[in-house]
Amino acid sequence: METPTFDISKLTPAEKKAAMSQLAKEAKAEKDKRKGDVATLKELGTEFLTQNIEALVFRQVDMEKMIAKVFKDLSNYLELKANIYGLDRLDQDSHTVTHPDGSCSITIGYNPGVVFDGTETAGVQKIMDYLTGLTGNDDEENENTIKLSKAVKFFLKPNLKTGMLNPGRIVQLNQMRSDFNSPEFDDAMDIIVDAQNKTKGSAYVSGWKLIDLGDNRIKKVEFRFTV
């Protein structure tokens, strides 16, 4: 069914005036409603913040104190562990202590991060030059080369915020060495990999405990806190 059309030209001047007045009132009512909705939205947002922000801030502060205490409490253990096994054995991101009866375990550590020292740009340029020089003698070879080139360029795309390469993508790209089987590609990857420096990120405490619920029911409660 077709929607009936309204021919404004058939209205008298008085009717047109009344219609314009009605439209103006409806537009104003809609504008006022939106203005009221926006004001209500802001009030609800402020109310939400007032009800929750303090508890979250205090929780964060308490968590930071708790993690600092856990790290401090384990310091004697780590010192003795270093004396027993040697400092080279402690060059790790985390340490785990598990109860002898297997009822609970705590792991402390730092989430590892990777930064580049700037020399990786030479490796990136070397790879780009290598890709530019790739040519095939048949359509199938050219098609495969194009696909590989697109993949490599994606993996070498820097992070928009940091301007650095993505460490995870570099790991994936490094696994493509056999696809190219090229000393030039390998040399470029060596430059990029060597330009990476490992850093300590946020600290965390994680672990678990077996809770006896009775009636021969055991529940494994896991936790992880990061600051």
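Here are legends for a few close-up views of this predicted model. Residues are numbered from 1 along each chain as its sequence is written, and side-chain values use heavy atoms, without hydrogens or water. Since the model is predicted, local features need pLDDT of at least 70 and side-chain atom pairs count only at pLDDT 80 or more, while totals for chains, interfaces and linings use all residues.

View 1. A nonpolar core here is a set of buried Ala, Val, Leu, Ile, Met, Phe, Trp, Tyr and Cys residues joined through side-chain atoms within 4.5 Å; buried means under 20% relative accessible area, exposed over 50%, and partly exposed in between (1.4 Å probe, protein chains only). Helices are DSSP runs (H or I, at least four residues), numbered from the N terminus.

**View 2. Around Phe185.** What does Phe185 touch, leaving aside neighbours within four places in sequence? Its contacts (heavy atoms within 4.5 Å) are Ile127, Tyr130, Val152, Leu173, Met176, Arg177 and Phe180.

View 3. Asp187 and Lys126 pair up through their side chains at 3.9 Å, N to O. A salt bridge takes a side-chain nitrogen of Lys or Arg within 4 Å of a carboxyl oxygen of Asp or Glu. Because Asp187 belongs to helix α7 and Lys126 to helix α3, the pair ties together parts 61 residues apart in sequence. Asp187 is partly exposed at 39% relative accessibility, and Lys126 is partly exposed at 29%.

**View 4. The Arg177 network.** Arg177 and Asp186 form a salt bridge (3.8 Å, N to O). Shared partners link Arg177, Asp186 and Asp190 into one salt-bridge network. Arg177 comes in at 22% relative accessibility and Asp186 at 25%, so each counts as partly exposed.

**View 5. A pair within α1.** Lys33 bridges to Asp37, with the closest N and O atoms 2.9 Å apart. The two are four residues apart in helix α1, so about one helical turn separates them. Lys33 is exposed at 55% relative accessibility, whereas Asp37 is partly exposed at 42%. Across the whole structure, the search turns up seven salt bridges.
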